[in-house]
Amino acid sequence: MEFCPSCGNMLGYEKPNLGHPSRLCCPTCPYVCNIESMVKIKRKQALVRKKIEPVITLDDMNNGPKTEVPCPRCSHGEATFTQVQIRSADEPATIFYSCLNDKCNHIWRED
Ligand SMILES: [Zn+2]
Ligand SMILES: [Zn+2]
């Protein structure tokens, strides 16, 4: 069973047609996958190492300590911050700020 990589829905099977070989297609978005080429694609994907990016949720941010720093988007003067270790443990943590303006909620990282 295969799932759509862009929206996560179960892919439906489409019989071979004049225009195309048998394929899987997503019922809700334009994603189509030719069954013949699928094996190759999968093998290729396995070789690509995904970069691990830190995942910050808004909850993490909102529970963080407050600081007085201007938001680059709305220039609100107060934000919460969270430290995230992005690379190896040897390197300093990156600080992410979250704007405390309810209408903005902009998240940015310190350079
Ligand atoms: Zn889809
Ligand atoms: Zn803001």
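Two strands pair if DSSP finds at least two bridges between them. Strands (E, at least two residues) are DSSP runs, numbered from the N terminus.

This is a predicted model, in which local features need pLDDT of at least 70. Residues are numbered from 1 along each chain as its sequence is written.

**Exercise 1.** Find the residue in β3 that stands opposite L24.

*Solution.* 
1. Locate β2 at residues 23-25.
2. β2 and β3 pair in the antiparallel sense, over 3 bridges.

**Exercise 2.** Work out the order of the 3 strands in the open sheet, and why one side of β1 and of β3 lacks a neighbour.

*Solution.* 
1. The order is β1-β2-β3, with antiparallel pairing.
2. β1 (12-14) and β3 (32-34) stand at the edges; each has a single partner strand, so one side of each has no neighbour in the sheet.

**Exercise 3.** Trace the open sheet of 4 strands.

*Solution.* 
1. Its strands follow the order β4-β5-β6-β7, and the pairing is antiparallel.
2. The edges are β4 (66-67) and β7 (107-109), each pairing on one side only.
3. Take β5 (residues 79-84) and β6 (residues 94-99): 6 bridges join them, antiparallel.
4. Check two positions in that pair. A79 stands opposite C99, and Q83 has I95 as its bridge partner.
5. Move on to β7. β6 joins it through 3 bridges, again antiparallel, and S98 has I107 in β7 as its bridge partner.

Notes:
Chains lettered and ligands numbered in written order. Predicted model: local features only at pLDDT ≥ 70, side-chain atom pairs only at ≥ 80, totals over all residues.
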